[in-house]
Amino acid sequence: MYVSTRGAAEKLTSAQAIAQGIAPDGGLFVPESLPVMDEQTLKRMISLNYQERAVAVLQLFLTDYSESELKSCVAGAYGGDKFSSSAVAPVVKVTDDVFALELWHGPTSAFKDMALQLLPRLLSCALKKIDEHAEIVILVATSGDTGKAALEGFKDVDQTRVMVFYPENGVSQIQRLQMVTQQGNNLAVFAVKGNFDDAQTGVKHIFNDNAFNAQLAANSFKLSSANSINWGRLVPQIVYYFSAYADLVQSKHISAGQQVNFVVPTGNFGNILAGYYAKRMGLPINKLICASNSNNVLTDFLATGVYSRKREFHKTYSPSMDILISSNLERLLYHMSNNAPSEVSRWMSELNSKGEYQVSDEQLQAIQAIFPAGWVSDTQTVATIDKVYKEYGYTLDPHTAVAWQVAENYRRETGDSSPNIIVATASPFKFNDTVLSALQGTDSLAAVSEFTALNKLAELIDTPVPAALAELEHLPVRHTSVCNPKDMPGVVKVALKIAE
Ligand SMILES: N[C@@H](CCOP(=O)(O)O)C(=O)O
């Protein structure tokens, strides 16, 4: 069963939690108890393919789904030619003890596909299970990657509508084009005059507005989420930690049981939290290294125990991580406080009212023992892209470059020699201008169009542009709406044709 991190919502099955998205008390759903992956299953994973590994992990959490339901959801998500790699999430050896877990082989070239190809299937199945007939309105706040992956995953899915809110000037050109050209009859995309936090806060306000939800219900609509606040977004992400480990044992780069570090470019804390669940389940993870850009709110929290959003918001070359309110930290705090919803509620309410909260020294030490952290500037990010390409012929996108450099700094500072698995979250082509100028200097971008830059990058790194990105050049723009954060509820009503 699933409980809210704030303790004031009823327990739900996983199907109910996935359909609701967020708990009615404003908290996030977490498993009441965490399953353990026994050693035998861990060993067995080595010889399984990605889909089989996914079922093995999912069935430990989604206990109200049958094995055949999970197999069918997983086959739909990862089967066929949806992913450009047959491994789905391949692990690439970059140096003797540094590996890249490439999570960007899906249809939108970012790691969000790993969950957002599966979530629509889990949700459709959940709606049948719980006999829900309302139309589910999925609200998404995005700093670039989740939005497109949600649009692609939910496009024309029965009984769903999708509404994506992205910061007007806070995503890469390719990310923007991916969203504004999206086809499908059940979706809408809005640029928000503000940053990602404004969009995410706007969405959370809508979720917590009882009158608004009642009006929706009267029109046979219910809200849900495709962000990592939804448990159904998070659980598929646990799978690739197991899969990467199994691959490395299979290829004999590590021995079974050996401790490894995962280094995760972090924004909303969902990806790295999935790694935490994998560790709690028994995967031999030494550290989960939290890598940030100059929006280093998490680095500071992990150093001091004070989470403060009272700071300048920076627009960086790694825009998907331009976030100051990291939603999933709430789940970690719940687990690290020994499941104490009253403490979590107090911290979240202080974050809301005072802009900050502080955990105890004891809690901080327990968190620090698992999550070392660091951040790098834009200047270091581009230097890292250039250095890694020159030294190893491997092309990093800016988010993955942040992780790479933080991993290098961590190893130098601590002497921890565990193999580092860098979680590669996006294709370099999504951030073509930053990557091209990192490799060839800013002059390479002078007076060239987005698509010339894409092709130049492809030629330089001798890799074809993903077809779905190349075709953006010829797709008509279908979504041009812009709104203020305070107008988001009205915008949702208009899109749903609900009268004021
Ligand atoms: N980095 C994200 C921000 C939202 O995070 P999510 O994991 O909660 O969906 C993005 O690219 O949109």
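A word on conventions before I start. Residues are numbered from 1 along each chain as its sequence is written. Because the model is predicted, local features need pLDDT of at least 70 and side-chain atom pairs count only at pLDDT 80 or more, while totals for chains, interfaces and linings use all residues. Helices (H or I, at least four residues) and strands (E, at least two) are DSSP runs, numbered from the N terminus.

Let me begin with the sheet of six strands, which is open, has the order S3-S4-S14-S9-S10-S13 and shows mixed pairing, where two strands pair if DSSP finds at least two bridges between them. At its edges are strand S3 (91–95) and S13, each of which pairs on one side only, and the twist from one strand to the next averages 25°. Within this sheet, strand S4 (residues 98–102) and strand S14 (residues 420–424) run parallel and are joined by five bridges; Phe99, for instance, has Ile421 in S14 as its bridge partner.

Helix H13 packs on this sheet, touching S10 and S13, and its direction makes about 145° with that of S13. Angles here run from 0 to 180 degrees between N-to-C directions, with axes as lines fitted to C-alpha atoms, for helices over the stretch in contact, and contact itself requires C-beta atoms, placed from the backbone, within 7 Å. In H13 (residues 297–304), the buried residues are Val297, Leu298, Thr299, Phe301 and Leu302. By buried I intend 20 or more other C-beta atoms within 10 Å of a residue's own, by exposed 12 or fewer, and by partly exposed anything in between, with C-beta atoms placed from the backbone. Their cover includes strand S10 (285–292), strand S11 (306–308), helix H16 (361–368) and strand S13 (373–375). Just after H13 comes Gly305, with a positive phi of about 85°.

The other sheet I want to show is an open one of five strands, ordered S8-S5-S6-S7-S15, with parallel pairing; its edge strands are strand S8 (221–225) and strand S15 (482–483), each pairing on one side only. Strands S5 (residues 135–141) and S6 (residues 160–167) are joined by six bridges, and the partner of Leu139 in S6 is Met163. Helix H22 (residues 488–496) lies across S5, S6, strand S7 (187–192), S8 and S15, at about 145° to S6.

Turning to helix H11 (residues 231–250), 18 of its 20 residues are buried, so the helix is largely enclosed by the rest of the structure.

Which residues come nearest to the ligand? Of the 13 around it, they are Thr142, Asp145, Thr146, Ser228 and Asn268, a residue being near if its C-beta atom, placed from the backbone, lies within 6 Å. Helix H7 (residues 145–154) gives the most to this shell, with three residues.

Finally, two residues other than glycine have positive phi. Phe269, at about 70°, lies in the loop between strand S9 (260–265) and helix H12 (270–281) and is buried, with 22 other C-beta atoms within 10 Å. Asn339, with phi near 55°, sits in the loop between helix H14 (329–336) and helix H15 (341–353) and is partly exposed, with 15 other C-beta atoms within 10 Å.

Terms used
Two residues are in contact if their C-beta atoms, placed from the backbone, lie within 7 Å.
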